[in-house]
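Dear colleague,

Please find below the structure that I am handing over to you. A summary of the findings follows it.

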Amino acid sequence: MEPLPRAAREARERAYAPFSKFRVGAAVELRDGRVVTGCNVENASYGLTMCAERVAIFKAISEGARPGDFLRIAVCADTDRLTPPCGACRQIIWEFCGDVPVILVNMRGDSKTYAMRELLPEAFDATNLD
Ligand code: THU
């Protein structure tokens, strides 16, 4: 497996998912070569749960990354049908990463790559605010 999906797979091991038991890992690759990972982090107040993709992106932002620095994102879950990002994550990925390749993988090594624009067509875009 390629390094970025492998990083997502390893991050999945660190998922905190005692409620759903559904573990997800994500990894973003930055222009400077750094890879930042995330896993889902659940909460007893279920709606406060944070998805793996957003954890990875927010970690990268908190470590200095800015829109334009993100090259690719990989997402790993243990499902036969690959698990694409939820709607909330799609908006966040679009805003910070733009039209990047989104690499979906599962534990059997299946993989499919989408362009972010395919996953969020006609996206709401902050540049339309003014
Ligand atoms: N989850 C993610 O981490 N990423 C997704 O794209 C879909 C859902 C998490 C949230 C929750 O902890 C669990 O998977 C079940 O929804």
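Is T83 buried or exposed? T83 is buried, with a relative accessible area of 19%; buried means under 20% relative accessible area, exposed over 50%, and partly exposed in between, with a 1.4 Å probe and protein chains only.

Before the further findings, a note on the source. This is a predicted model, in which local features need pLDDT of at least 70 and side-chain atom pairs count only at pLDDT 80 or more, while totals for chains, interfaces and linings use all residues. Residues are numbered from 1 along each chain as its sequence is written, and side-chain values use heavy atoms, with hydrogens and water left out.

The overall fold

The protein chain has four helices and five strands, arranged along the sequence in the pattern α-β-β-α-β-α-β-β-α. Helices (H or I, at least four residues) and strands (E, at least two) are DSSP runs, numbered from the N terminus. A compact globule of 130 residues would have a radius of gyration near 14 Å, and the protein chain agrees with this at 14 Å; the radius is taken over C-alpha atoms, and the globule rule is 2.2 Å times the number of residues to the power 0.38. Of the 130 residues, 42% count as buried.

Two threonines

T83 is placed in the loop between strand 3 and helix 3. Its side chain makes a polar contact with the side chain of T79 (2.8 Å). A polar contact is a pair of N or O atoms within 3.5 Å; within protein, one must be able to donate a hydrogen and the other to accept it, and residues adjacent in sequence count only if both atoms are side-chain atoms. Leaving aside neighbours within four places in sequence, T83 is in contact (heavy atoms within 4.5 Å) with F22, V75, A77 and L104.

T37 belongs to strand 2 (residues 35–39) and is buried, with a relative accessible area of 16%. The side chain of T37 makes a polar contact with that of R14 (3.5 Å). Not counting residues up to four places away in sequence, T37 touches A7, A11, R14, A26, A27, A56 and K59.

Helix 3

In helix 3 (residues 87–97), the buried residues include C89, R90, I93, W94, F96 and C97. Their cover includes helix 2 (52–62), strand 3 (70–77) and helix 4 (116–119). After helix 3 comes G98, whose phi is positive, near 70 degrees.

Yours sincerely
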